[in-house]
Amino acid sequence: LFAGVMTEPATEIKLFNRWSYDDIVVTDLSLHDYVAVKPRHAQFLPHSAGRFNNKRFRKAQCPIIERLTNSLMMHGRNNGKKMMAVRIIKHAFEIIHLLTDLNPIQVAVDAIIKSGPREDSTRIGSAGVVRRQAVDVSPLRRVNLAIALLTTGARESSFRNIKTIAECLADELINAAKESSNSYAIKKKDEIERVAKANR
């Protein structure tokens, strides 16, 4: 019964059985260890039920598309609806492919690399005098902020709008990957870096 199934060679793991992880490149060297898109992090669905919060920095091992999926489940009414988030990602990736003819995983990775702020300002307060001091941003925090900004931008642009969140997320990722200032994440990143530059 299963003989035919067993002899078939193991299929290459593709996201949603469509998008290959093989030729994904992380252009930014510093984010290499924090954007998990190597074939060993490949999965069919961005839904692994892995426990990536038990230990500090474990989430760097979490496949990057799954982190994007998890970040979509925000604002109380959407908490825990991961199947919905997976569906949104699936549709958004189809739209990205239709609009750009690129591998949507690559587009998403580029967007994450380009929308993480490289410099931020922190509050240094002593005796009631608060001033901002510019600090460099660690690679993991750059990835975290980038994912948060991208999903926030998609969420805000689809709120009270005819466009579905999948379309908005696709637009956001494409614009961010092109570093176009139409992207909420790129706007925010530029703003954060501009404030930091003023406070050096």
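In which helix is the place of T69? Select T69 in this predicted model, and you will find that its place is in helix α2. T69 is buried, since its relative accessible area is 0%, and, leaving aside residues up to four places away in sequence, it touches P46, K82, A85, V86 and I89.

**The whole protein**

Now zoom out and show the protein as a cartoon, where seven helices and four strands can be traced. Followed along the sequence, these elements come in the pattern α-β-β-α-α-α-β-β-α-α-α. The C-alpha atoms fill a box of roughly 75 × 40 × 35 Å when it is taken along the principal axes. Of the 200 residues in the protein, 43% are buried, and the accessible surface comes to about 11,700 Å², with 54% of that surface belonging to carbon and sulfur atoms. If you count contacts between residues at least 6 apart in sequence, 63% of them join residues at least 24 apart.

**The nonpolar core**

Next, select I64, F93, I105, V109 and L173, which touch the most other members of the largest nonpolar core, a set of 45 residues. Two or more residues of this core come from each of the elements α2, α3 (82-100), α4 (104-114), α5 (139-158), α6 (165-177) and α7 (184-198). Which element gives the most to this core? Colour α6 to see the answer, as α6 contributes eight residues, the most to this core. In soluble globular proteins, nonpolar side chains tend to be buried together.

Stay with F93 and display its neighbours: not counting residues up to four places away in sequence, F93 touches L15, F16, W19, I65, P104, I105, A108 and L173.

**Two residues with positive phi**

From F93, move to F16, one of the residues that F93 touches. F16 lies in the loop between β1 and β2 (19-20), and its phi is near 55°, a positive value in a residue other than glycine. Most residues other than glycine have a negative phi. Is F16 buried or exposed? F16 counts as buried because its relative accessible area is 11%, which is under the 20% cut-off.

Then select A49, whose phi is also near 55° and positive, again in a residue other than glycine. A49 has its place in the loop between β2 and α2 (64-72). A49 counts as exposed, because its relative accessibility is 65% and the cut-off for exposed is over 50%.

**A patch on the surface**

Switch to a surface view and select I13, F44 and L45, which make a nonpolar surface patch of about 240 Å². I13 lies in the loop between α1 (3-7) and β1 (14-15), and I13 is partly exposed, with a relative accessible area of 34%.

**A contact across the sequence**

The last stop is P139, which is found in helix α5 and counts as partly exposed at 25% relative accessibility. How many residues apart in sequence are P139 and S30? They are 109 residues apart in sequence, yet their C-alpha atoms are 6.4 Å apart in space. To complete the view, show S30, L31 and Y34 together, as P139 touches these residues when those up to four places away in sequence are not counted.

Note on methods:
Residues numbered from 1 in each chain as written. Predicted model: local features only at pLDDT ≥ 70, side-chain atom pairs only at ≥ 80, totals over all residues. Heavy atoms only, no water. Patch = residues over 30% accessible without salt bridge, like charges linked within 9 Å, V, L, I, M, F, W, Y side chains within 5 Å. Areas by Shrake-Rupley, 256 points an atom, 1.4 Å probe, with all protein chains shown as cover. Salt bridge = Lys/Arg side-chain N within 4 Å of Asp/Glu carboxyl O. Buried < 20%, exposed > 50% of the residue type's maximum accessible area, 1.4 Å probe, protein only. Contact = heavy atoms within 4.5 Å. Core = buried A, V, L, I, M, F, W, Y, C linked by side-chain atoms within 4.5 Å.
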